[in-house]
Amino acid sequence: MRIAVPKETKQGEKRVALVPDIISKLTKAGLEVVIESKAGIAAEYSDQQFIDAGAQIKTGDVLTASDVVLSVQPLTVNQIKSLKKGAITISFLPPTTAADVIDAAVSAGVTAISLEMVPRISRAQSMDALTSQALCAGYKASLVAAELSPKFFPLLMTAAGTVTPAKVVVLGAGVAGLQAIATAKRLGAVVSAYDVRPASADEVKSMGAKFITLELEALEGAGGYAREMTQERANKQRELLSPYIASADVLITTAAVPGRTAPMLVTAQMVSQMTPGSVVVDLAAESGGNVEGSVAGEIVTTSGGVKIWGGKDVPSQLAFHASMLFSRNVVNLLLLMTKSVDGKPTGVIEPDFSDEIIDSATLTHNGQKREKGK
């Protein structure tokens with residue numbers, strides 16, 4: 001069966017769905033791999049590297065004759081229409097915002113698998129692209145903050161006197177938040193963090209940061225995410241967080257739930273209490289923003305001299321390693337669907353809906369929308 005990787009079409013997307021190092025896993029499983037020419041250039045992977053790894057390079061259409069199409073962003077409606085009936089697509093595909101693509105997949109008889117829907121269970125960790133890409137975003141967030149800040153992050157003892165370390169506050173202690181904490185700590189900052197899930201306190205402390213404890217109810221949710229809060233609780237949380245944010249040199253916000261609008265954690269009033277030169281990095285800017293006034297892809301400077309950086313295509317800004325991690329996630333998912341006989345691969349890919357991972361992640365099959373367990 002043929003696996004195809006087209007060039008990404010979304011503006012700003014630099015990642016590629018497969019990298020050369022991982023292709024041997026597919027060819028050893030009896031699969032043919034075709035990469036559209038220059039698909040990996042933006043991520044620093046050349047056509048020759050793919051050829052050396054055992055893939056074919058093709059200029060132009062790689063979709064029509066393919067059995068499986070791998071991409072980072074969802075295929076366009078026109079790309080879906082060009083696929084043969086029974087083809088499989090694997091990509092990020094948010095059910096709540098990609099309805100047109102999902103409908104096109106139903107009409108074309110295409111099996112669409114969404115990486116957002118891979119369940120957060122132990123067996124699926126190696127296929128969890130949301131987590132691997134959040135790690136990239138969290139790392140980048142602290143680097144951006146350090147670059148924009150007019151202050152050193154570490155404590156410095158110099159002949160001219162002592163330079164005190166920067167104070168960094170991170171809101172959200174999921175994968176992105178924890179990586180932001182770890183990176184800021186490596187740079188020498190004094191880091192504090194808050195999350196609505198008290199269970200995350202130990203993880204924050206393990207990174208060397210202080211956990212901010214507020215006298216509020218816990219909001220533990222399913223799948224490792226926080227559940228939504230009431231407006232009353234949100235207002236109280238902002239009130240209690242205000243003094244911590246006001247004293248911070250850097251604020252990094254990472255609270256986001258796939259397919260939903262990001263919660264507004266920080267108001268313009270709270271930002272106005274920060275000192276001139278302070279930096280805010282909002283990783284959730286593309287999904288509505290955690291910080292009032294943030295704009296995805298832009299740096300907004302408030303009247304009080306605070307810089308607000310709105311994240312956009314953040315993992316793509318680390319395209320080489322983001323692609324490498326994404327590629328491993330996708331190949332692990334793909335090999336889960338590759339049939340074998342007596343332990344030997346057959347080169348045939350077939351979704352097995354008795355498997356919880358495949359069942360949860362597949363949105364369309366045989367011309368119908370699927371629901372988990374059906």
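In what sense do strand 4 and strand 5 pair, and over how many bridges? Strand 4 (residues 68-70) and strand 5 pair in the parallel sense, over three bridges.

## Basis of the model

This is a predicted model: local features need pLDDT of at least 70, side-chain atom pairs count only at pLDDT 80 or more, and totals for chains, interfaces and linings use all residues. Residues are numbered from 1 along each chain as its sequence is written, and side-chain values use heavy atoms, with hydrogens and water left out.

Helices (H or I, at least four residues) and strands (E, at least two) are DSSP runs, numbered from the N terminus. Two strands pair if DSSP finds at least two bridges between them.

## Around strand 5

Strand 5 covers residues 88-91. Ile88 and Ile90 point one way from the strand. Thr89 and Ser91 point the other way. All are buried, meaning under 20% relative accessible area, with exposed over 50% and partly exposed in between (1.4 Å probe, protein chains only).

Within the pairing of strands 4 and 5, valine 69 has threonine 89 as its bridge partner. Strand 5 also runs parallel to strand 6 (residues 111-114), joined by four bridges. There, isoleucine 90 is partnered by isoleucine 113. Strand 5, helix 4 (residues 99-108) and strand 6 make a right-handed β-α-β unit. Right-handed means that, with the strands pointing away from the viewer, the path from the first strand over the helix to the second runs clockwise.

Seven strands form an open sheet, ordered 11-10-9-12-13-15-14, with mixed pairing. Strand 11 (210-211) and strand 14 (299-301) stand at the edges. Each has a single partner strand, so one side of each is left without a neighbour in the sheet. Strand 9 (residues 167-171) and strand 10 (residues 190-194) pair in the parallel sense over five bridges. Valine 170 stands opposite alanine 193 of strand 10.

Two helices pack on this sheet. Helix 5 (residues 129-148) touches strand 12 (250-253), strand 13 (279-282), strand 14 and strand 15 (307-310). Its direction makes about 155 degrees with that of strand 13. Helix 6 (residues 175-186) touches strand 9, strand 10 and strand 12. The direction of helix 6 makes about 165 degrees with that of strand 10. Contact here means heavy atoms within 4.5 Å. Axes are lines fitted to C-alpha atoms, for helices over the stretch in contact, and angles run from 0 to 180 degrees between N-to-C directions.

## Glutamate 32

Glutamate 32 lies in strand 2 (residues 32-36). It counts as partly exposed because its relative accessibility is 28%. Leaving aside residues up to four places away in sequence, glutamate 32 touches Met1, Arg2, Ile3 and Gln56. Isoleucine 3 is 29 residues away in sequence, yet the C-alpha to C-alpha distance is 5.9 Å.

## Positive phi in two loops

Most residues other than glycine have a negative phi. Lysine 38 has a positive phi of about 70 degrees, although it is not a glycine. Lysine 38 sits in the loop between strand 2 and helix 2 (47-52). At 52% relative accessibility, it counts as exposed.

Asparagine 366 has a positive phi near 55 degrees. Its loop lies between strand 18 (362-365) and strand 19 (368-369). With 60% relative accessibility, asparagine 366 counts as exposed.
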